[in-house]
Amino acid sequence: MSKISEAFKNKAFIPFITCGDPDLDTTKAIVKEMVANGASLIELGIPFSDPTAEGPVIQGANIRALSGGVTTDKIFDFVRDLRKEITIPLVFMTYANVVFSYGAEKFISTCKEIGIDGLILPDLPFEEKEEFDDICNSNDVDLISFIAPTSENRIAMIAKEAKGFIYVVSSLGVTGTRSEIKTDLDAIVSTIKQYTDVPCSVGFGISTPEQAAKISKFSDGVIVGSAIIKIVEKYGKEAPKYVGEYVKSMTDAIK
């Protein structure tokens, strides 16, 4: 059983942050605030020049981080440093091309060495995960599966092979805050649970404590990215305190 399961002893709040936006020192301070305010697991985004699953908010964070000179190697060093203080599960979220260009074996074995527990690649189709799956398994890094509202005929197949947690996509389109989520997520999650005990976390579009509370009634975790990146964009190097306050409002809502 992977370390990720520790995040789901209670309802999990999973915040996302783009590493290096506006700089890695600020990212470290933000991560520490997230942990102090109840985050269960943190998604660390490795910036990529063409993040196809992201809306304009996270695209902007990618551009700012890359413009500041952030590289994959700098992020690996950043996590090594972070792991001296932070013990909760950490996963990388990036794109298949980042892993390919670095070398999958080298990238994933480095994840194990520095204490990364899982890998999320939103542009990797389930049918093509084999090329990463064996390397992840041999390095005890969970390759996280996605289930979307359009996955109905494939839910059993995806769920039976899932590891770590299942990322349930709340609505079609790219990441970004939404005023309301119309998908019947309760039905999707209950279908998934017929096939696996792996926890289900819902992401894409969640931004308010009210939405988080509603979704946590039937899911094991709530994932938030764009709402946090908006705070970082607004406050820059002063953002850690404000992100901490936001994370507390969300963790309080799902308790």
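K129 is a buried residue, its relative accessible area being 6%. Here "buried" stands for under 20% relative accessible area and "exposed" for over 50%, with "partly exposed" in between (1.4 Å probe, protein chains only). The model is predicted, so local features need pLDDT of at least 70 and side-chain atom pairs count only at pLDDT 80 or more, while totals for chains, interfaces and linings use all residues. Residues are numbered from 1 along each chain as its sequence is written, and side-chain values use heavy atoms, with hydrogens and water left out.

**Charged pairs**

Let us stay with K129 for a moment. Its partner in a salt bridge is E161, with 3.0 Å between the closest N and O atoms. This pair links distant parts of the chain, 32 residues apart: K129 sits in the loop between β4 (118–120) and α6 (130–138), and E161 belongs to helix α7 (residues 155–161). Helices (H or I, at least four residues) and strands (E, at least two) are DSSP runs, numbered from the N terminus. E161 is partly exposed at 36%.

A salt bridge, as used here, is a side-chain nitrogen of Lys or Arg within 4 Å of a carboxyl oxygen of Asp or Glu. Side chains of opposite charge can pair when their charged atoms come close. The structure holds 18 salt bridges; here are three of them.

| Salt bridge | N to O distance |
|---|---|
| K129 and E161 | 3.0 Å |
| D23 and K237 | 3.6 Å |
| D81 and K84 | 3.6 Å |

D23 and K237 meet through their side chains in a salt bridge. That pair also links distant parts of the chain, 214 residues apart, with D23 in the loop between β1 (12–18) and α1 (24–36) and K237 in the loop between α10 (226–235) and α11 (239–254). D23 is partly exposed, at 21% relative accessible area, whereas K237 is exposed at 59%.

**Around strand β8**

Now for a look at a strand. In a regular strand the side chains alternate between the two faces of the sheet. Strand β8 (residues 200–203) has C200 and V202 pointing one way and S201 and G203 the other, and all are buried.

Two strands count as paired if DSSP finds at least two bridges between them. Strand β7 (residues 166–169) runs parallel to β8 and is joined to it by four bridges. Strand β9 (residues 221–224) also pairs with β8 in the parallel sense, over two bridges. S201 has a part in both pairings: Y167 has S201 as its bridge partner in β8, and S201 stands opposite G221 in β9. From β8 the chain crosses through helix α9 (residues 209–216) to β9, and this β-α-β crossover is right-handed. That term applies if, with the strands pointing away from the viewer, the path from the first strand over the helix to the second runs clockwise.

**Backbone details**

Most residues other than glycine have a negative phi, and most peptide bonds are trans. D21 and P22 are joined by a cis peptide bond, with omega about 0°, and P22 lies in the loop between β1 and α1.

F204 has a positive phi near 80°. F204 is found in the loop between β8 and α9 and is buried at 7%. D140 has a positive phi too, about 55°. D140 is in the loop between α6 and β5 (142–143) and is exposed at 56%.
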